Amino acid sequence: MSSDRKGKERILQMVARPKVRSSLFWWLLENHDELVEAEGEAGLGLRWGELCVEFAELGLSDVNGKAATDQTAQKTWWRVRKERARLAARRAAADAEQAAKRAANPRRNMPSQWRGTYGPALAEETSGRSHAVASTSTEVVPARQGGSTIEPWEEEGLTDEERHNLKTQLLGLRAEFRRTDKHNIPKPNKRL
Amino acid sequence: MERKYSSDERLPILMIVVGRQRVGKTSFLNTTAQFLRAHGAEFQIWDADKMNTTYNMSIFHQDARQPQSLDPEDIKEWLEEKFMELVAERYDAMLDIGGGDTPLARLVQDVPIVSTLENEGVRVVLVHVIGPELADLDYLERFAEDELLAPDATLIVMNSGLVLSGRSNEVAFADIVRQPAISAVVRKGARVVTMPRLNCMSQVTDRGLMFEDAMNGLAKPGGTALTLFNRVRVRQWWEGELPELFFEKIPSLWLPEMRLRQEASNVLAVGEPRRRGKGTRSSGEVSGALGQDTQSAP
């Protein structure tokens, strides 16, 4: 019985992680969020030359089993970003489908459909209930653009100069907007 | 074709401003011309926007050169003459061509004016003034298509003055900065800058005032001066926002040389540190931001 379970796990693993992708790809995919966060703190980009040395020490290789080079690591990273975007879109589509099903359910606002516990009509509990109603009557929501959206400078096929131009100009603009809009937009009243 | 000049060399500048009607082309040019001249730059102003009679460069700059005729073909011929004069006499110039179907649009379909002028050692600086509407990118797309008018020195000026009061620039321009037309020119080296909003701009221009006169409380004969608070608004914009948020972001080789700023920054660099009066800005402080712009033109 236990060998059956292990066999099934192996098969699922083979389907989810086919050998057409390199070990480096799967590692980058698993550690994507942490890498992006660390890169964001330094703001200097990912220095593939140095990272490739570490990848080799971890036994991570390209799809041919060879040690990754600057170029293959960078290309693999683009593929990882694309895969992340694809997975995010897939999740958003599934969420939207579920929300549509919920919205189409004529019984969606009936008390039997509410989740959570609802005690006597105390003021706090009442507000919790209205929140529950609001959340179950969700309309179809557009697919969210999560952190996996590919930035213009991350597109494939750009030269280093083009990538640099896009990154400096667009990030500079965002920083400027943050700086100038801070003075123009009224702050929300925290007392409300 | 190999160029005769290096991209980090100071060359005569022809600044051409394009964009849809009512996006603020003349506001940009008027502001830029006044600011540069106030800081020692010398250049000619060519006012070919004959349709705009209430707010044009000639109202604020009496030395602005204008074509004699309103006929588009005559203006086109006048432009050709001015371009040849600029090549021969090696000065800087700013061209206000107006919006719509301009003689310039006709000329660029006839002759590759950018490569022709660049081969003669003139830096063509193309300024696209845009607001937050997607249709404001029409000129950018049209001129970039087939490289009709697409010099290396391309500046995209997002006019904050067109953003509805209460909206943030980030939200107002969010769709614009995501457009492929923007990415396409930025990756080739175009710069994107935001022109800071002056809330009382129309009160200054409707009075036909220069910005320095307006903030100093001057008025035209028979006219009225700005109110106290509007004078402060103009001063903050002129002395703070324009140099720090706008001109600092434009490569210095894309603008006529601001000699007074350069001289002031040189003096400060070798002189004793100066104490600054309360609430005043030293000219050196501003000039440092501008004169030390070492970004070379791509």
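Of the 192 residues of chain A, 11% count as buried (20 or more other C-beta atoms within 10 Å of the residue's own, with C-beta atoms placed from the backbone). This is a predicted model, in which local features need pLDDT of at least 70 and side-chain atom pairs count only at pLDDT 80 or more, while totals for chains, interfaces and linings use all residues. Residues are numbered from 1 along each chain as its sequence is written, and chains are lettered from A in the order in which they are written.

Chain A holds seven helices and zero strands; helices (H or I, at least four residues) and strands (E, at least two) are DSSP runs, numbered from the N terminus. Where chain A meets chain B, 14 residues of chain A and twelve residues of chain B take part, a contact being two C-beta atoms, placed from the backbone, within 7 Å.

Now to chain B, where all six residues of strand β5 (residues 154-159) are buried. B:Thr154, B:Ile156 and B:Met158 point one way from β5(B), and B:Leu155, B:Val157 and B:Asn159 the other way. Its pairings (at least two DSSP bridges between two strands) are listed here:

| Strand paired with β5(B) | Bridges | Direction | Residues standing opposite |
|---|---|---|---|
| β4(B), residues 123-130 | five bridges | parallel | B:Leu126 and B:Thr154 |
| β6(B), residues 191-195 | five bridges | parallel | B:Val157 and B:Val193 |

Methods:
Buried ≥ 20, exposed ≤ 12 C-beta atoms within 10 Å, placed from the backbone.
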